[in-house]
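Please open the structure in your viewer and keep the selection tool at hand, as this tour moves from ring to ring.

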2 protein chains.
Amino acid sequence: MSDIKEFESVERILKKLPPEDYENVRRVLYGKATREIDVSEKAKHLSEKYAIELVSCGFDSKEEELRSPRIVRVGLFQHKIPIPTWSPMKEMREAMYQMARDVLEVAYRGGVNVFCFQEAWNMPFAFCTREKHPWCEYAEDAQHGPTTRFLSELASRYNMVIISPILERDSVHGNTIWNTAVVIDNHGDYLGKHRKNHIPRVGDFNESTYYLEGNTGHPVFETQFGKIAVNICYGRHHPLNWLAFGINGAEIVFNPSATVGELSEPLWGIEARNAAIANSYFTCAINRVGTEEFKNEFTSGNGLPAHRDFGHFYGSSYVAAPDGSRSPGLSRTKNGLLIAEFDLNLCRQVADVWGFQMTQRLDMYAELLDKATTHDFKPQVVTKTTEL
Amino acid sequence: MSDIKEFESVERILKKLPPEDYENVRRVLYGKATREIDVSEKAKHLSEKYAIELVSCGFDSKEEELRSPRIVRVGLFQHKIPIPTWSPMKEMREAMYQMARDVLEVAYRGGVNVFCFQEAWNMPFAFCTREKHPWCEYAEDAQHGPTTRFLSELASRYNMVIISPILERDSVHGNTIWNTAVVIDNHGDYLGKHRKNHIPRVGDFNESTYYLEGNTGHPVFETQFGKIAVNICYGRHHPLNWLAFGINGAEIVFNPSATVGELSEPLWGIEARNAAIANSYFTCAINRVGTEEFKNEFTSGNGLPAHRDFGHFYGSSYVAAPDGSRSPGLSRTKNGLLIAEFDLNLCRQVADVWGFQMTQRLDMYAELLDKATTHDFKPQVVTKTTEL
């Protein structure tokens with residue numbers, strides 16, 4: 001395991017700077033400071049017991065005269081696989097469920113209203129292997145599968161909306177497999193699902209071997225704690241995907257992910273945050289953490305020898321606010337729960353200040369995209385002979 | 001003037017960290033390291049003479065077997081107004097032109113092929129005042145006005161494409177005023193213009209008092225040094241605007257800007273960089289620098305007393321590459337020229353790795369935007385009674 005050489009977090013390093021320097025850098029890099037919130041001694045105690053790093057913060061907003069505040073606490077959980085990938089699948093599932101029981105107890109004690117796991121949270125991220133056996137066995141029915149049933153009970157007990165990204169098997173439509181986020185409401189009822197819209201073909205992300213592009217549009221789920229949506233992993237690279245959730249009225253968009261390495265890490269802090277700014281909503285980016293090793297070796301299409309691990313999932317989960325400020329990140333190396341508190345009213349407050357929706361000119365772009373998708377599309381190019 | 005309390009740059013502060021910490025933070029925050037490039041002793045000497053901070057760097061790319069490299073050097077110039085805003089307009093213009101002569105000489109000696117000024121570069125950023133007199137006098141014809149004529153001669157002399165963002169007056173269409181970027185090719189010929197697509201209504205950016213949304217689409221200018229486009233200032237907040245230049249084939253998109261204050265600074269490093277990533281092209285973000293004071297006081301719609309300055313333009317101009325890496329920023333306080341060298345081939349190289357264009361599903365979004373712009377649009381919302 002190569003985790004040992006990984007440094008813990010950018011934030012922890014920045015704190016080594018002299019206080020004035022730190023504050024200048026923090027303000028430019030992270031925006032308006034978040035405040036401390038109370039997450040209860042019980043939550044802190046439990047997080048230590050379960051070895052889950054607990055980070056919390058609150059975003060400020062204005063009081064309004066005509067609307068009451070709509071304060072929400074979200075919980076973002078990043079975790080390693082608890083036992084080796086080659087463990088019996090029933091043991092793996094049970095170990096994952098035990099981890100879920102633990103963290104949901106911490107989240108409950110920390111006052112979390114909406115909780116989200118990482119992508120394909122209840123299994124190893126095995127798509128690098130391109131092996132169908134045994135990994136496809138993890139796929140289960142979104143509504144009636146064991147994981148949704150398991151979490152429904154906890155959602156109801158803790159009065160918590162839970163987003164559970166899993167590998168889905170659709171037995172009604174040819175037993176097909178999908179990368180799907182299930183939304184369970186705070187009464188434990190299945191509210192619906194969203195299937196990953198954009199599927200990667202980069203590095204070891206061989207997911208297109210297993211499932212195709214999602215066909216569930218861009219649903220926004222109306223819950224007691226706000227209008228929420230889920231942009232799964234690679235969808236964060238697509239500004240149109242984020243925009244679509246905004247158009248449908250999302251106030252919080254979760255981005256459960258699994259991403260590794262030098263290629264994506266410099267993008268990680270940029271994309272979900274840009275989406276929060278551009279669409280005047282909160283974004284919650286969750287990444288796996290740790291290094292997963294597999295039994296059989298595989299190659300990576302990069303000329304290097306066969307190997308058995310996918311690289312280091314660098315964690316660093318964070319929340320970004322519509323005003324461009326962001327929370328500290330969870331660590332790059334450890335299981336962690338990030339609890340963030342904010343007022344959903346901030347979305348409209350910021351939108352009113354910046355006016356991005358008003359100045360968006362959607363009609364102009366609808367026309368352009370219509371043209372751009374035709375086979376005889378002519379890009380608008382100015383050359384010396386085509387004066388504008 | 002309040003500049004004195006402004007710190008110089010995030011990069012300079014980060015360099016105070018121990019080397020290993022610095023490198024870890026630099027990699028996560030800035031991506032793959034840029035390299036040093038040779039900009040000639042003459043350029044360095046002149047930049048000192050003219051008190052223009054000179055920063056330079058190069059981005060790496062792969063050698064290809066079937067295409068030759070297409071190495072380009074861009075020059076981004078950020079500057080203060082050289083004399084007070086209330087100076088006679090002819091003096092202001094001449095002082096600006098002298099500054100342009102100086103910096104273009106430095107850029108030429110530094111090997112720059114494509115040069116871009118900041119937004120409305122040849123005048124104070126006076127739109128905060130809402131005064132039509134005298135500021136509208138600065139508006140001039142895009143093709144035949146004094147600034148284009150002045151720069152054409154230098155573009156030809158230095159074999160340099162020059163992007164000149166000015167206040168345009170269109171005498172053919174009712175003497176209307178526009179916020180326009182003029183593109184002059186390296187033979188000194190007027191290649192065309194682009195009008196700012198998205199106009200702000202935020203803080204003291206009272207630009208909608210002076211001009212409306214642009215009507216020139218999203219032109220990409222084919223030059224000897226690549227396909228270039230211009231996303232003017234507030235357009236950087238709109239991912240669709242960036243996308244449209246990408247759809248039309250841009251390889252470099254310049255973002256001449258004028259932005260101040262705590263509201264926008266945390267967004268500055270995010271937006272142009274996200275655009276470079278999402279669209280697999282280079283972006284060049286240029287901001288004004290310094291504090292501009294005006295003769296008459298004005299209020300800012302924020303409950304605070306009348307004042308005479310727009311706040312501090314924080315400079316920090318930078319270049320972002322399609323792989324998510326970025327250059328150091330110019331300072332937050334001084335006139336500066338950033339010279340960046342890169343191979344345009346990197347755009348397609350990165351697009352092939354990440355596959356964002358292939359996985360973009362434009363047809364799905366064309367359909368959504370069509371619907372979203374109708375008056376009876378129904379957002380896709382899932383409630384307890386509308387199971388997905």
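Begin by selecting A:F282, which is buried at a relative accessible area of 0%, where buried means under 20%, exposed over 50% and partly exposed in between, with a 1.4 Å probe and protein chains only. The model is predicted, so local features need pLDDT of at least 70 and side-chain atom pairs pLDDT 80 or more, while totals for chains, interfaces and linings use all residues. Residues are numbered from 1 along each chain as its sequence is written, chains are lettered from A and ligands numbered from 1 in the order in which they are written, and side-chain values use heavy atoms, without hydrogens and water.

Now move to chain B and select B:F59 together with B:F282, an edge-to-face aromatic pair with 6.0 Å centre to centre and 65° between the planes; rings of Phe, Tyr and Trp (its six-membered ring) pair if their centres lie within 6.5 Å, with planes under 30 degrees apart counted as stacked, over 60 as edge-to-face and the rest as tilted. B:F59 counts as buried at 4% relative accessibility, and B:F282 counts as buried at 0%.

Return to chain A and select A:F125, A:F127, A:F205, A:Y210, A:Y211, A:F310 and A:F313, which form one aromatic cluster. Finally, select A:R326, which lies over the face of A:Y318 at 4.2 Å from the ring centre.

Notes: Lys NZ or Arg CZ within 6 Å of the ring centre and 35° of its normal.
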